Amino acid sequence: MAKVLEGPGMGLMKKWGIHVPNYVVVTSADELAKLGQANDWMKNSKLVAKAHEALGSRFKLGLVKVGLDLAGAVAATKEMIGRQVGSITVTQVIVSEMIPHKEEYYCAVKSTREGSEILVANCGGIEVESNWDRVKRLCLEVGQAPTHEALEKLSKDAGFTGALTKKMADFSGKMFTCFDTEDAQYLEVNPVVIRESNGELVALDAVTLLDGDAKFRHPDWNFQFAAEFGRAYSKDEMEVMAVDSKIKGSVKFIEIPGGDTAMLPAGGGASVYYSDAVVARGGKLANYAEYSGDPPDWAVEVLTEKVCSLPGIKNIIVGGAIANFTDVKKTFGGIINGFRKAKGDGKMKNVKIWVRRGGPREKEGLDAMRALKDEGFDIHVFDRNTPLTDIVDKALQK
Amino acid sequence: MSILANKDTRVVIQGGAAGVNAARRMAEFCYLIKRPLNVEAFVYPPDAGKTNEIPYGSGLMAIPIYKTIAEATKSHSTINTSLVYIGADRAMKGAMEALDDSHIKVVSMITEGVPEKDAKLLGAHARKLGKVFNGPSSIGIISAGACRLGVIGGAFDNLVLSKLYREGSFGVITKSGGLSNEIIWICSQFADGITTAIGIGGDAYPGTDYVSYLEMFENDPQTKAVVIVGEMGGDLEERAAEWYGAKKRRVKLIGVVSGFCQESLPKGMKFGHAGAKEGMKGEGSARSKSDALKKAGAIVPPTFGALGPAIKDAYQELLKSGQIKEVIEPVSLPKLPKTVEEAIKADEVMVAPLIRTTISDDRGDEPCYDGYPASELINKGYEIPHVIGLLWDKRLISKQEAEIIKRIMMLSADHGPCVSGAYATILAACAGIGLSQAVAAGLIMIGPRFGGAVTDAGRWFKYAVDNKMNVDEFLAYMKKNVGPVPGIGHRVKSLRNPDKRVKELVGYVKSLHIKTPCLDFALQVEQVTAAKKDNLILNVDGTMAAVLVDLGFPVDSLNGFFILSRTIGLIGHWVDQKRQDSRLIRLFDYLVNYAAPKRREVPPLK
């Protein structure tokens, strides 16, 4: 899944005929001031300015300002750009037209096992969470599009009446088209409001999760995906992602500040069991990582360097199940090079390394790891006869 | 028995290199269980009409490649399964083609990164047709003792260690490729091994879920228990729990779920598998899955490490209840034939070498010339002439000798466009011939009349010096036995129009005050011959030859200096003609003496 920020998310909705407020995404206050001269709506309506970053709880952080005039929006932009929140620097601000409204509604489309589900409620905003039973659903099989009748029924079931029934049905139909055509996995507008001037339903917000795997058929996706966990990707994470996009197989790396147990396991499945074992033992993860699909040794080396660079780590878990075809000797070769480089840079002091692995050329790979002991590494090597996550137990023994 | 894959499974593999690799692994398994190869065909349009060679035991099977599934199943009507190894952007089209073929009942997709919608469409289409679509991102399916689809099970040694050569009693369903092997291994160590293990793929919405496969296992009397390896994200485990709890089931269900770490990690974090992502309100969390399985009566060990003992307990219980008996292991198993390399490494065979070399070796991290690593030669200031010395004469020549060779090379790098070699290259270049062939055309001109006089000149000057001949004896000998003296004479240069290159080279060599018996002799010969006719001078070939013999280079290598240095010029001529986009050359009539008979009438055929 790939999260898309509000600006490009709204762009996609607009493309499929969903009304969205006028908005601009700017990278400086000057840019906004200039745009303000060219766009009447910015002079004529109240504005909302929000930091355009993958940040959670922006409101609390003071990164959302409402009811502004143009000068106020310029000032807010000036204040927000460059603000440091954790590892993220605010570089973009989205300024949109504020739409006065009385009522708020809810509409979403989500992916399900059978196909998708359209969700509609005649309450919106923060009310939705506490009134989840008021959300009505229309389930659709994959490949099937909703009929107008079904959408109207959904709208009625959700409590819409009169002209609004048809409007909400139209709105949700467009949401579905956008969802289906754009290979989305989740689309949510909360709230949907009525523009008083013309009675049109307008999407005031957009949560857009696209299927990153479908990028090949969407050449117009000219935006970057954002991290999904409330912060932007770090430099090291981006570097590993760049490597990942280039290779056969995969390498993955996510930092978790404050941890002391670094993960360097193989396999998308096993890596999670290793992480579980660390948490179950009361350890603190310093990262999530994983390599699989017989990646080239240089890619594993890059990953290893990033893992070794994590601050304050005491243990590195080089775990793995019995590989199907990942060459243990070769991938361990990359890890060993990474370890040596890190040690050369003075990074491996007081760090214990724990290894467990099986698979093609396991003996050669494990022997090469064991030999690191002679180079002064504090390394403990186990083979397939040691159960998968036992090295975590050994590492975290008090 | 087994599910999905059995001894009657016949496979078509859709895709290129990764599919061929899988076929090789499948052949290893077939060999282990003493069955013929179950891969009948490949579908890979770029190579249609060719075959892929798949090693089976010590032999090689040639498996045909087709353009379409229809062509493959038409020629191999027993095919009933397709494995998809096509890239993510074309995988759906390929899998649809397979599903729509009436012969094919199971399609397993190995491709990773397939869009979710595509996978759902394939799953729905398969269900509609009453077929199985497994995957995407599936590591494969293996039925012990019967059939392997894909690379699941790992290397040959691992197949044996995991006792996959014979059937056990445990079914396995996993999302993770790596863990599938781990579980198979655990089942073989703590219990009697597996019936079938299925990698369903780590995507959010795999084509077929746990429940469908649980049903199949439930109906397979040989399977007594099923191990599922779950993870957070999606609701497959909850559905499995629901299925298991719905009524009394024959099979025991043992399950582990990963992702408890998520309770202490940033929300929304993405793990290795596309499907491993918790939904809102804790749906799909490891805890909710784990709890659901427990509630439904499944055995859920607290950690992955406790899985082995839990499987052992289940196995012991099955033994005690008489549902299964202890397995008797086969006395002997086929061993995968070693490759020659492996056998040599193990000191098991001796192979008589085909060729022998005494000059170079590039088996290490870099080539060694006569034992000296190339990089070290470079870093210590050695140059091309030293490399020539090492490779042609197995000798690390001195700086002074290297300088002489460098000068010889520079002097003979090119002699203009009119000499035979250059002209031939130019002619070829104008005819559109490629670089290597055009240069080769020039090089094959090197012979006794062009450039190739170096070796001959060296040979005869050396003969004279070795036999202590004087000039007169030598010239008489040559006249009687050989002919004109190689290295003497020039078409355009003469005493009055001397060759500066020769003067330069001789002058330099002489200035070094080294012993040069051959060169001295050649110069004496020149004095006599040039007196007779003023173009019978010592030419460049002769000078090079004499000097090189004096330096100790083998006579047989001497033309090599000419070939090597002249190649520089020939490449230049080819590039020059290309750059000018030169036209095809046709010889002008006036450059030919048509000495053939005049035109005449053709007589009637008798």
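Q: Which ring does the charged end of B:Lys120 sit over?
A: Keep in mind that this is a predicted model, where local features need pLDDT of at least 70 and side-chain atom pairs count only at pLDDT 80 or more. A charge sits over a ring if NZ of Lys or CZ of Arg is within 6 Å of the ring centre and within 35 degrees of the ring normal. For B:Lys120 the distance to the centre is 4.8 Å, and the ring is that of B:Tyr205.

Q: What angle separates the planes of B:Phe553 and B:Phe561?
A: Rings of Phe, Tyr and Trp (its six-membered ring) pair if their centres lie within 6.5 Å; planes under 30 degrees apart are stacked, over 60 edge-to-face, the rest tilted. B:Phe553 and B:Phe561 are 5.1 Å apart centre to centre and count as edge-to-face, with the planes at 90°.

Q: Why is the pair of B:Trp243 and B:Tyr244 tilted?
A: Both B:Trp243 and B:Tyr244 are buried. Their ring centres are 6.2 Å apart, and the pair is tilted because the planes stand at 35°.

Q: Which residue in S15(B) stands opposite B:Ser360?
A: Residues are numbered from 1 along each chain as its sequence is written. S14(B) and S15(B) pair in the antiparallel sense over two bridges (DSSP must find at least two for a pair; strands are E runs of at least two residues). Opposite B:Ser360 stands B:Tyr369.

Technical notes
Chains are lettered from A and ligands numbered from 1 in the order in which they are written. Side-chain values use heavy atoms; hydrogens and water are left out. Helices (H or I, at least four residues) and strands (E, at least two) are DSSP runs, numbered from the N terminus. Buried means under 20% relative accessible area, exposed over 50%, partly exposed in between (1.4 Å probe, protein chains only).
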